Amino acid sequence: MKAGPSAIRVHVILLGTAAGGGFPQWNCWCPTCRAARITPDRALRRRQSSTAVSVDGERWFLLNASPDVREQVDCLPAPVPAGVRHVAVEGIVATDAELDHTLGIVLLREARHLQLFVTRAVRLILEQDSRILPVTAAFARVEITEMQLEQTQALPYRNDEPSGLTIMPFAVPAGPPRFAREQKPGHTVGLILRDESSGGSCGYVPGCGQLDQNILDLLGDTDLVLFDGTFWTDDELISLGIGDRSAREMDHQPISGPGGSLSQLAGLSRPRKVYTHINNTNPMLLEGSPERATVERAGLTVGADGMTFSL
Ligand code: MLT
Ligand code: MN
Ligand code: ZN
């Protein structure tokens, strides 16, 4: 990350930092959801997992499109448009086909022309299993670019002009969505986003079952890491009596303890490191909690909606 406004090339805005269901989740009265409703200054509300990136601060790419996309797009900085209709979203890059990351695609159908960047495996799930793509395509032209694992490719604007941004998807350990009939390589990826002219880069991994050395090396070479902050402990849902699967069984590496993501990410010296995709049960959501202090002592940040970074 370079200092000073003149060096800013890429704007990154956290549009939603909660996992599926948002925070508080509509039907949940766990201790953190309770706090978000009853003592709101102890716990900021959060929309579902999505991030926006832009080079010029006007034309944006969404990293995942959440069910909260309408309100999220409304938060994007952009000049007052001259025309009657204006689409500030130039494209959507999806890291998987989960509902919290793709329901927003169909909700952007009024755009008339959408660009979508996905792996072949994600494309097939969106076409055949959730059917989000055929439904959206009944309303809008959906131009799909298949991303190849470990290959860097350009992110053009809708008029084909280069944005200067590139993306490189890499497979992360995780299962496919539970509604997927097949498990094909690339159904869940992380992204390395890079600005070609400044070299500024961001690693985006909202869902990851386990950080391995390959992923740590990729993330360690970036300026900003946005990483899976779903669960604090492996038995979080089980101990609250609201689930029977561990965090790892749900393909989310817990943050705390030996083998947690916090100790691994703390070892990366170059990037700024921020947790996102935070489940509503995660106690680090509480302002002033011991868990929040533990994250900050390790040099990481608990993401909140609206947080903005410049690369
Ligand atoms: C996940 O992050 O594991 C999925 O989004 C789960 C879900 O959508 O219920
Ligand atoms: Mn999710
Ligand atoms: Zn809750």
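**View 1. H277 beside ligand 1.** In this predicted model, an N or O atom in the H277 side chain is 3.1 Å from an oxygen atom of ligand 1. Taken alone, ligand 1 exposes 270 Å². The protein buries 63% of that area.

**View 2. The surroundings of ligand 1.** E98, D100, H252 and H277 surround ligand 1. Two further polar pairs can be listed here. H252 places a polar side-chain atom 2.7 Å from a ligand 1 oxygen atom. For D100, a polar side-chain atom lies 3.0 Å from an oxygen atom of ligand 1. Ligand 1 sits in the largest pocket.

**View 3. Donors of the zinc ion (ligand 3).** Four residues coordinate the zinc ion: C28, C30 and C33 through SG, and N280 through OD1. The distances run from 2.1 to 2.3 Å. C30 and C33 are both buried. Along the sequence, the donor residues follow the spacing C-x1-C-x2-C-x246-N.

**View 4. Geometry at the zinc ion (ligand 3).** The site is tetrahedral. Angles among the four donor atoms span 100 to 117 degrees. For four tetrahedral donors at a metal, the ideal angle is 109.5 degrees.

Methods
Residues are numbered from 1 along each chain as its sequence is written. Chains are lettered from A and ligands numbered from 1 in the order in which they are written. This is a predicted model: local features need pLDDT of at least 70, side-chain atom pairs count only at pLDDT 80 or more; totals for chains, interfaces and linings use all residues. Side-chain values use heavy atoms; hydrogens and water are left out. Donors are N, O and S atoms within 2.8 Å of the metal (3.2 Å for Na, K and Ca); water is not among the atoms, so sites may look incomplete. Four donors count as tetrahedral if all angles lie between 85 and 135 degrees; four count as square planar and six as octahedral if opposite donors are over 155 degrees apart and all others between 65 and 115; anything else is irregular. Buried means under 20% relative accessible area, exposed over 50%, partly exposed in between (1.4 Å probe, protein chains only). A residue is near a molecule or strand if one of its heavy atoms lies within 4 Å of it. A polar contact is a pair of N or O atoms within 3.5 Å; within protein, one must be able to donate a hydrogen and the other to accept it, and residues adjacent in sequence count only if both atoms are side-chain atoms. Accessible areas come from the Shrake-Rupley method with a 1.4 Å probe; for residues, only the protein chains shown count as cover. On a 1 Å grid over the protein atoms alone, a cavity is a set of points where a 1.4 Å probe fits but cannot get out, and a pocket is an open set with protein on both sides within 12 Å along at least five of seven lines; lining residues have an atom within 4 Å of a point. A molecule sits in a cavity or pocket if more than half of its atoms lie within 2 Å of its grid points.
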